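Have a look at it first, and then we'll walk through the main points.

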Amino acid sequence: MREITYVKAFTESLMQLMAEDEDVVVIGEDVAHYGGVFHAFDGLLKAYGEKRVIDTPISEMGFIGMGVGAAARGLRPVCDLMFLDFIGVCLDQLYNQAAKLKFMFGGDVSVPLTLTTAGGAGLSAGPQHSQSLEAWLAHVPGLKVALPSSPHDVKGLMVAAVRDDNPTVVVLNKRMLGVKGPVPEEIYEIPLGQAATVRPGRDATVIAVGRMVVEAVTAAEELAGSGTEVEVIDVRTVQPLDSATILDSVRRTNRALVVHEAVTFGGIGAEIASQIQEEAFDYLDAPVLRLGAPFSPVPFSPVLERAYIPDSNRIAAGVRRLLERSGG
Amino acid sequence: MTETAEQDSIRALPTDTLHDLYRRMVRIRLFEEEAGKLMEGGRMPGFLHLYVGQEAVAAGVMATLRADDVITSTHRGHGHAVAKGADLRYMYAELFGKQTGYCKGRGGSMHINDLSIGMLGANGIVGGGIPHAVGAAFAAVYKGQDSVAVPFFGDGATNIGAFHESANLAAVMHLPVIFVCENNGYAEFTPQARHMLLENVADRAAAYGMPAEIVDGMDAVAVYVAAGRLVERARAGEGPSLLEAKTYRFYDHQGVKGLRIPYRTQEEIDTWMERDAISALGQRMTDAKVATPEELEKVWSGTREEIAAAITFAEQSPDPDPADLLDNVYTV
């Protein structure tokens with residue numbers, strides 16, 4: 001299969017979605033003439049024109065709210081929030097409006113809005129351009145939240161998000177943008193709420209979010225050298241969360257480590273760990289471990305940032321702790 | 001911006017239009033007063049932000065709109081829904097939290113909506129609905145339709161970012177939006193002079209390169225004429241505008257416990273209540289001999305009957321079933 005980058009897979013998903021449905025419009029800052037600050041929207045303006053690819057003022061609350069209204073009136077807007085860190089300036093339109101209209105209007109209105117954004121650390125982008133805030137969004141009934149971990153998934157999850165009739169946030173990982181991988185040329189969908197078992201194993205389960213899947217696979221390969229077989233699960237979406245796949249795995253491996261880039265405290269790992277102990281307590285040979293960032297803003301210095309983000313070494317160390325704890 | 005004084009325009013308007021304005025205002029007034037009594041009597045849960053006093057604005061603007069024109073409303077939204085043609089039975093049912101309500105008991109007073117008549121919802125967040133109207137206007141243009149969108153909001157909401165971002169966005173995108181500010185002089189309990197330095201909200205439109213008009217919000221005819229101009233302009237593709245209607249809230253910000261001094265003086269309240277929009281229009285209609293007092297009285301009695309039936313419908317409606325709580329959290 002041909003290989004393309006994560007960001008090209010994203011662009012291709014929009015090219016194909018706009019071709020199949022003329023109600024799909026792209027709205028955001030510098031998405032049209034410039035092609036987006038990450039060039040994720042390159043070529044869309046040329047292909048679909050200014051009517052469907054729209055540059056906006058720097059007004060995230062305004063244009064995301066406009067997307068909500070347009071979605072309620074039958075369009076399928078894709079609004080781009082350049083950095084996930086900017087969510088604070090428009091959050092009302094997302095969590096009080098997009099997420100709640102369906103429910104609070106008695107089912108009369110659907111909001112098929114997709115919000116694309118970029119999250120994650122590792123580029124020395126500093127405390128306001130590097131955050132992982134997916135747990136905030138996953139906490140809001142009415143929203144769906146996807147964090148693609150590969151070029152293949154970014155395309156499939158984008159297609160599912162845009163076709164979905166609910167407001168869905170797709171969080172691209174900035175460090176993944178240039179990473180290449182196999183991506184089918186035709187349009188395809190990865191269902192929201194379906195985790196992927198990216199590596200099978202019998203000794204422990206690592207449940208990973210976003211780019212941490214890549215680190216988890218590296219850790220699993222390293223551990224395999226010493227005879228430990230780690231199962232790696234990519235949650236793909238944190239809302240809905242595919243609890244069944246996670247629980248099924250943990251019931252077989254009896255050990256679980258959850259890893260994400262977001263700070264550990266109150267992260268989605270806390271939810272996953274809690275579900276595991278509620279539903280699979282009797283299968284556990286060790287307490288569920290969480291691995292995330294320390295409780296600090298994301299630092300700028302490359303040295304500090306490397307120390308901040310979980311990586312394959314720390315994941316491997318976590319798995320070893322699980323095995324030691326259970327005498328495995 | 002122009003001051004509009006349409007005092008003699010009543011004779012220029014078709015009689016049907018005058019009766020329509022009067023009827024819309026009476027329906028709002030009685031709907032609200034009965035809702036107030038129900039709340040006072042402990043028969044209705046939740047908050048209640050009564051629209052009484054401001055009826056001329058909703059009636060005047062809505063009479064210029066078509067069913068496919070979209071409005072968004074506020075926490076003080078009953079008047080807009082009634083004037084846009086919402087079914088009073090489903091409105092009361094929602095106030096009672098019943099399954100037959102507009103929101104199936106999930107929204108309450110602050111979220112009444114009915115897309116079939118272009119009512120894209122009242123909104124509990126100040127300024128929250130304004131961008132939705134911009135989106136509705138965008139969708140209409142995108143689909144080649146000539147409908148317009150009207151977000152309603154108060155003077156207080158013009159201090160929130162959503163208003164400014166929406167105004168600029170609608171202007172720069174040249175969208176058919178008529179921003180209607182109902183300036184009742186208070187942001188909750190804070191008088192306008194303490195929440196903005198400008199005397200006129202309309203002055204804010206200039207910052208976004210759009211025209212504005214100021215109108216007497218106690219005069220339904222004046223509102224109708226001014227809104228009509230701006231709607232026509234928007235429909236013709238001439239872009240957004242702002243209409244500021246100077247009006248007054250006869251009840252408190254919330255609830256029915258009366259007019260609480262000292263945040264407003266009795267003199268101020270009396271002055272505005274003497275200008276009651278419904279009495280004023282009724283007087284002008286009978287003076288101009290386009291209506292008899294008996295005809296007008298029939299509007300009140302007929303509406304009272306309709307409201308009594310609507311309340312009965314609401315009270316006798318079933319409560320929602322807790323087993324269905326998760327319905328409509330997501331579109332499935």
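Which residues have the most contacts inside the largest nonpolar core? They are V206(A), A216(A), M25(B), A137(B), I178(B) and V223(B), and the core itself has 217 residues. Keep in mind that this is a predicted model. The predictor gives the complex an ipTM of 0.94 and a pTM of 0.95.

**The core**

- Take V223(B) as an example: setting aside neighbours within four places in sequence, it's in contact with A56(B), V57(B), G60(B), V61(B), V215(B), G217(B) and A245(B).

**Chain A as a whole**

- Chain A has 12 helices and 14 strands.
- With a radius of gyration of 20 Å, close to the 20 Å that the globule rule gives for 328 residues, chain A is as compact as a globular protein of that length.
- Along its principal axes, the C-alpha trace of chain A spans about 60 × 40 × 40 Å.
- Of the 328 residues in chain A, 57% count as buried.
- Look at the contacts in chain A with a separation of 6 or more, and you'll find that 79% of them are between residues 24 or more positions apart.

- Chain A splits into domain 1 (3–182) and domain 2 (196–325).
- The centres of these two domains of chain A, taken over C-alpha atoms, are 26 Å apart.
- Their contact takes 26 residues from domain 1 of chain A and 24 residues from domain 2 of chain A.
- On the side of domain 1 of chain A that touches domain 2, at least two residues each come from α6 (134–138), β6 (144–146), α7 (151–163) and β7 (168–173).
- α6(A) gives the most to that side of domain 1, with four residues.
- Sorted by class, that side of domain 1 of chain A has 13 nonpolar, nine polar and four charged residues.

**Confidence in chain B**

- Chain B averages a pLDDT of 94, and 96% of its residues score at least 70.
- Residues 1–7 of chain B stay under 50 in pLDDT, and the model has 15 contacts for them beyond four places in sequence.

Notes
Residues are numbered from 1 along each chain as its sequence is written. Chains are lettered from A and ligands numbered from 1 in the order in which they are written. This is a predicted model: local features need pLDDT of at least 70, side-chain atom pairs count only at pLDDT 80 or more; totals for chains, interfaces and linings use all residues. The radius of gyration is taken over C-alpha atoms; the globule rule is 2.2 Å times the number of residues to the power 0.38. A residue is buried if 20 or more other C-beta atoms lie within 10 Å of its own, exposed if 12 or fewer, and partly exposed in between; C-beta atoms are placed from the backbone. Two residues are in contact if their C-beta atoms, placed from the backbone, lie within 7 Å. pLDDT is the predictor's confidence in each residue, from 0 to 100. A nonpolar core is a set of buried Ala, Val, Leu, Ile, Met, Phe, Trp, Tyr and Cys residues joined through C-beta atoms within 7 Å. Domain bounds come from an automatic or database domain assignment. Ala, Val, Leu, Ile, Met, Phe, Trp, Tyr, Cys and Pro count as nonpolar, Asp, Glu, Lys and Arg as charged, and the others, Gly among them, as polar.
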